[in-house]
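Please read the following report alongside the sequence and the coordinates.

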Amino acid sequence: MSEQLTLPAEQRERAGKGASRELRRNGRVPAVIYGDKKEALSVHVEEKLLTRMLSTGHFMNSVIMIDAGGKPHRTLPKDVQFHPVSSRPIHVDFLRIGEHSQVHVNVPVHFTDEELSPGMKRGGVLNLVRHDLELICDAAEIPEQIEISLTGLDVGDSIHISNVTLPKGSKSAIDDRDFTIATIVAPSALKSEEGDSDEATEAGAVPVVGDEAAEGGEEA
């Protein structure tokens with residue numbers, strides 16, 4: 001289960017671009033908390049702490065408890081805007097959620113048991129079609145990652161969502177098709193060897209002498 005993080009915040013007294021620029025100069029990041037049929041709340045958070053949370057790799061699928069003036073808000077990050085040059089966070093949107101709300105999250109996939117895959121042992125390459133899965137799950141039970149075993153998979157095999165056992169209480173948000181998550185493809189060296197083998201077979205093939213060849217001999 002993804003951990004719950006706590007992020008202190010202060011309420012914004014002024015809005016507008018000028019006020020936001022001043023906050024950023026002082027090491028703060030403007031943010032807004034919305035949803036749950038309540039009025040949106042404009043706050044600002046410490047940039048250094050926010051950056052550390054972003055570096056964990058699972059910030060976007062973690063429950064963030066925002067402490068704004070002593071009042072806690074259970075939220076889920078929905079969007080982070082970054083400066084196009086410095087890549088510093090410049091604004092964050094947080095969605096209010098209940099303790100057991102059903103939420104949509106993107107959870108990263110992690111592949112295991114590579115040594116038990118015949119295809120990987122032959123030099124096959126794992127081709128990722130999706131790096132994460134869009135899931136619907138309980139806000140209190142958001143998985144940190146989805147582990148997928150490569151046991152028994154050979155070159156040419158594919159992993160579909162139907163092959164994955166999701167954690168209890170989680171389901172795929174895409175339910176209208178059995179989409180592909182990853183495939184094991186042959187490395188270029190293996191393809192080249194197979195191609196050379198086919199060419200050699202064709203070049204060394206002995207023509208079958210049939211009726212036409214016999215008739216040709218009689219005419220000569």
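## The hairpin of E5 and E6

In this predicted model, the hairpin of E5 and E6 has six residues between the strands, and Ser 87 takes a positive phi near 65° there. The two strands run antiparallel and are joined by seven bridges, with strand E6 covering residues 89–96. Within this pairing, Phe 82 has Pro 89 in E6 as its bridge partner.

## The hairpin of E4 and E5

Strand E5 also pairs with strand E4 (residues 63–68), again in the antiparallel sense, over five bridges, and in that pairing Ile 64 stands opposite Thr 75 of E5. The hairpin of E4 and E5 has two residues between the strands, and Gly 69 adopts a positive phi near 65° in this hairpin.

## His 73 in strand E5

Strand E5 spans residues 71–82 and includes His 73. Is this histidine, His 73, buried or exposed? His 73 counts as buried because its relative accessibility is 9%, which falls under the 20% cut-off. When neighbours within four places in sequence are set aside, His 73 is in contact with Ile 33, Leu 41, Ile 64, Met 65, Ile 66, Ala 68 and Arg 96. One of these contacts, Ile 64, is the residue that stands opposite Thr 75 in E5.

Arg 28 belongs to strand E2, which covers residues 28–35. Arg 28 is buried yet has no salt bridge, and the nearest side chain of opposite charge, that of Glu 10, is 4.2 Å away; a salt bridge would need a distance within 4 Å.

Which side chain, then, makes a polar contact with the side chain of Arg 28? That partner is the side chain of His 44, at 2.9 Å. Leaving aside neighbours within four places in sequence, the residues in contact with Arg 28 are Glu 10, Leu 23, His 44, Val 45, Glu 46 and Glu 47.

## Positive phi outside glycine

Lys 37, which is not a glycine, has a positive phi near 60°, and its place is in the loop between E2 and strand E3 (38–46). Lys 37 counts as exposed because its relative accessible area is 91%, a value over the 50% cut-off.

Asp 113 likewise has a positive phi, of about 60°, although it is not a glycine, and it is found in the loop between strand E7 (102–112) and helix H3 (118–121). With a relative accessible area of 28%, Asp 113 is classed as partly exposed.

## The sheet E8-E13-E11

Three strands form an open sheet in the order E8-E13-E11, with antiparallel pairing. Its edge strands, each of which pairs on one side only, are strand E8 (125–128) and strand E11 (158–160). On average, and with direction ignored, neighbouring strands of this sheet are turned by 15° against each other.

Strand E8 pairs with strand E13 (residues 180–185) over four bridges in the antiparallel sense, and one of the residues involved, Leu 126, has Ile 184 in E13 as its bridge partner.

## The chain as a whole

The chain has five helices and 13 strands, and 37% of its 220 residues count as buried. Among contacts in the chain with a separation of 6 or more, 67% are accounted for by residues 24 or more positions apart.

Terms used. Residues are numbered from 1 along each chain as its sequence is written. This is a predicted model: local features need pLDDT of at least 70, side-chain atom pairs count only at pLDDT 80 or more; totals for chains, interfaces and linings use all residues. Side-chain values use heavy atoms; hydrogens and water are left out. Two strands pair if DSSP finds at least two bridges between them. Axes are lines fitted to C-alpha atoms, for helices over the stretch in contact, and angles run from 0 to 180 degrees between N-to-C directions. Buried means under 20% relative accessible area, exposed over 50%, partly exposed in between (1.4 Å probe, protein chains only). Lys and Arg count as positive and Asp and Glu as negative; His and the chain ends are not counted. A polar contact is a pair of N or O atoms within 3.5 Å; within protein, one must be able to donate a hydrogen and the other to accept it, and residues adjacent in sequence count only if both atoms are side-chain atoms. Contact means heavy atoms within 4.5 Å.
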